[in-house]
Amino acid sequence: MTESNQEGLSNLLHEERRFPPPEALAAQANYTADAYAEADKDRLAFWEKQARRLDWDTEWSEVLDWTNAPFAKWFVGGRLNASVNCVDRHVSAGRGEKVAIHFEGEPGDTRTVTYADLAKLVAQAANALTDLGVGQGDRVAVYLPMSVEAVVSMLACARLGAIHSVIFGGFSAQAIYDRVLDADAKLIITADGGYRRGKVFPLKPIVDEALAKGSTNVARVIVVKRGENEVDWDASRDLWWDDIVGRQPDTHEAQAFDAENPLFILYTSGTTGKPKGILHTTGGYLTQVAYTHHAAFDLKADTDVFWCTADIGWVTGHSYIVYGPLANGATQVIYEGTPDTPHRGRFWEIAQKYGVTLLYTAPTTIRTFMKWGDDIPAQFDLSALRVLGSVGEPINPEAWMWYRRVIGGDRCPIVDTWWQTETGAMMISPLPGVTATKPGSAMKGLPGVSVDVVDDTGTPVPNGGGGLLVLTEPWPSMLRGIWGDDERFRETYWSRFADEGYYFAGDGAKKDADGDLWLLGRVDDVMNVSGHRISTTEVESALVSHPSVAEAAVVGATDPTTGQGIVAFVILRGDAADGGEAMVSELRNHVAKEIGAIAKPRQIMVVPELPKTRSGKIMRRLLRDVAENRSIGDVTTLADSTVMDLISSGLSTAPPED
């Protein structure tokens with residue numbers, strides 16, 4: 001790589017803009033800069049302090065047992081109940097009338113649930129599950145839309161020491177069958193349907209189809225009536241939620257469980273092979289999700305209204321809709337539908353209605369809002385917002401700045417967070433009352449988290465260098481294994497740097513000149529072009545920095561000359577879509593100017609949409625299939641599978657640029 005190209009590749013990391021915390025927020029922040037020093041001085045004592053924010057029936061005798069690494073035990077001997085910590089203790093403390101959940105249905109129906117209400121609902125559900133033979137260690141699959149019942153189902157399982165396995169409501173029958181079989185679930189909680197873009201989408205029929213695929217140990221299916229649609233009924237197996245739950249007593253005496261009692265299995269949405277059941281346990285997980293929610297959002301439980309826009313079917317929904325906010329006694333919004341139903345201002349209408357102060361959403365969603373234009377959020381009063389969060393993938397500086405300026409009114413700190421299903425909770429994030437943030441950087445590990453960037457030999461890279469993101473010390477909310485497959489757990493996460501004892505996250509990262517972290521996405525999203533490692537995120541950021549580009553996705557396609565060639569798929573803004581070949585040429589040159597000639601896309605395809613899952617993540621795997629002229633893989637998790645037909649048709653007639 002020439003010197004000029006090397007310099008170009010680093011341009012995106014030479015971010016001169018700094019945004020210090022607002023003075024008023026910093027003056028009353030939950031955590032100060034001293035938290036880093038405190039955690040560095042005695043990491044385990046720091047985590048003990050965070051654990052004591054919870055209610056324990058029995059305190060631990062040892063903070064961490066790492067003798068059987070990589071299988072950790074945190075808060076050894078401690079006993080607690082996650083459901084009690086999320087519900088009962090707030091009621092006992094006299095906060096029962098505080099709103100726990102403002103539920104907003106897509107059709108516009110609403111429901112306000114206080115902590116006292118939630119306590120009764122969870123008790124009834126726990127009693128119902130007990131009547132059906134569910135107890136400690138049993139697995140319960142949950143396949144529900146965004147709803148109060150989804151939260152109640154999870155907490156009822158936790159209350160009994162049962163293990164919930166939530167399956168995203170957009171997954172197929174085969175995906176359900178695979179997960180139910182792997183977890184050996186004995187019961188499924190689902191709904192007749194849910195609302196999406198003005199229509200009812202079926203859920204129970206997909207469960208029926210899944211259970212017809214083969215033998216399972218599912219004895220009962222509980223069905224929430226949400227969509228009021230016709231469903232087939234097996235009287236020997238199926239039960240309406242209202243019939244079995246509604247008739248139960250609204251009190252339930254909970255027992256405490258060991259800190260390492262399994263809490264949930266969440267399957268990563270692998271595209272090939274057997275799904276990975278990520279196992280999380282109770283004490284360490286609850287400690288870290290409660291701490292990180294409190295720290296990263298500077299939560300003031302008495303006054304804040306929190307809204308995480310993720311789906312409960314993903315880990316973000318587990319950690320920052322259910323367990324983190326409720327453990328902290330927060331008031332939050334749960335929304336069933338999509339951002340554009342019945343209109344494109346729906347999110348901002350909800351934020352205005354409930355006075356949302358803390359918002360947590362995904363870069364893909366932010367870029368979609370950008371594409372729709374500034375005038376839509378401008379129609380709503382967003383002045384209550386005080387902290388904005390980003391989650392799910394690296395956020396490009398352009399989207400970061402738009403989020404701050406248009407949604408946050410240039411006054412709200414942005415916490416760009418990095419973590420995974422496997423980590424359980426946030427690992428890297430600014431502290432809103434401490435950190436002077438940089439657009440596009442997640443900054444550094446939270447207090448108590450040990451993170452580094454290393455080269456292929458496990459050696460930490462210097463500031464300005466790039467490599468592989470690793471976690472160098474165990475953390476409380478870490479996965480405890482892959483359900484039923486200890487060897488796969490070791491091989492997948494711990495084998496790359498076994499000698500160093502590092503957890504390899506599978507992501508690439510760079511340190512800038514200050515040592516702050518820039519996440520580059522999965523290592524399989526780092527392209528190797530003529531021996532040079534180029535991040536898809538860097539090229540995407542360069543493309544969306546062009547005023548004509550609304551969204552971009554980049555993949556590396558096999559190239560006989562360079563190893564991989566850069567293929568970009570872009571959505572253009574407004575009139576720019578008519579630019580034809582001249583626009584494509586302009587964009588290729590723009591990338592070369594922003595990053596360097598080595599990063600100039602081999603081909604740019606203008607498309608009407610990008611293939612996204614129902615949770616908003618871009619499926620680059622499918623774009624790679626198209627770019628390499630392969631048959632397109634499984635599209636069942638896409639929000640709109642016809643997008644791939646449009647892309648394939650357009651690409652097949654577009655010759656590569658030279």
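**Helix 18 and selected local features of the predicted model**

In this predicted model, the cover over the buried residues of helix 18 includes helix 17 (536-544), strand 28 (549-559), strand 29 (563-572) and strand 30 (603-606). Helix 18 itself runs over residues 580-594, and its 15 residues reach 21 Å from the first C-alpha to the last, which is close to the 21 Å expected at 1.5 Å a residue. The residues of helix 18 that are buried are M583, V584, L587, R588, H590 and V591. These residues lie on the same side of helix 18, because the arc that they cover around the axis is only 155 degrees. The face turned away from this buried side carries E581, A582 and K593, which are exposed. After helix 18 comes G596, a residue with a positive phi, near 145 degrees.

With a relative accessible area of 1%, S441 is buried, and its side chain reaches the backbone nitrogen of M443 at 3.0 Å. When the neighbours within four places in sequence are left aside, S441 is in contact with D416, D516, L517 and W518. M443 has its place in the loop between strand 20 and strand 21, and, although M443 is a residue other than glycine, its phi is positive, near 75 degrees. M443 counts as buried, because its relative accessibility is 4%.

A positive phi in a residue that is not a glycine also occurs at E228, where the value is about 55 degrees. E228 lies in the loop between strand 11 (220-224) and strand 12 (238-240). At a relative accessibility of 60%, E228 counts as exposed, whereas M443, at 4%, counts as buried.

The bond from A69 to P70 is cis, with omega near 10 degrees, and P70 lies in the loop between strand 1 (62-65) and strand 2 (73-76). The bond from T341 to P342 is likewise cis, with omega near 0 degrees, and P342 is found in the loop between strand 17 (331-335) and helix 13 (346-354).

With regard to the cysteines, the structure holds 0 disulfides. For C157, the closest cysteine sulfur is that of C86, and the distance of 13 Å between the two sulfurs is too far for a bond. C308 is also in no disulfide, since the nearest cysteine sulfur, again that of C86, is 15 Å away. Both of these cysteines are enclosed to the extent that C157 counts as buried at 0% relative accessibility, and C308 counts as buried at 2%.

Finally, strand 14 (residues 262-268) is largely enclosed by the rest of the structure, because 6 of its 7 residues are buried. Strand 14 pairs with strand 15 (residues 276-281) in the antiparallel sense, over 6 bridges. As for individual residues in this pairing, Y267 has G277 in strand 15 as its bridge partner. In a regular strand, the side chains alternate between the two faces of the sheet.

Technical notes. Residues numbered from 1 in each chain as written. Predicted model: local features only at pLDDT ≥ 70, side-chain atom pairs only at ≥ 80, totals over all residues. Heavy atoms only, no water. Helix = DSSP H or I, 4+ residues; strand = E, 2+ residues; numbered from the N terminus. Expected span 1.5 Å × (residues − 1). Buried < 20%, exposed > 50% of the residue type's maximum accessible area, 1.4 Å probe, protein only. Arc of directions from axis to C-beta. Contact = heavy atoms within 4.5 Å. Polar contact = N/O pair within 3.5 Å; in protein donor to acceptor, adjacent residues only side chain to side chain. Disulfide = S-S within 2.5 Å. Pairing = 2+ DSSP bridges.
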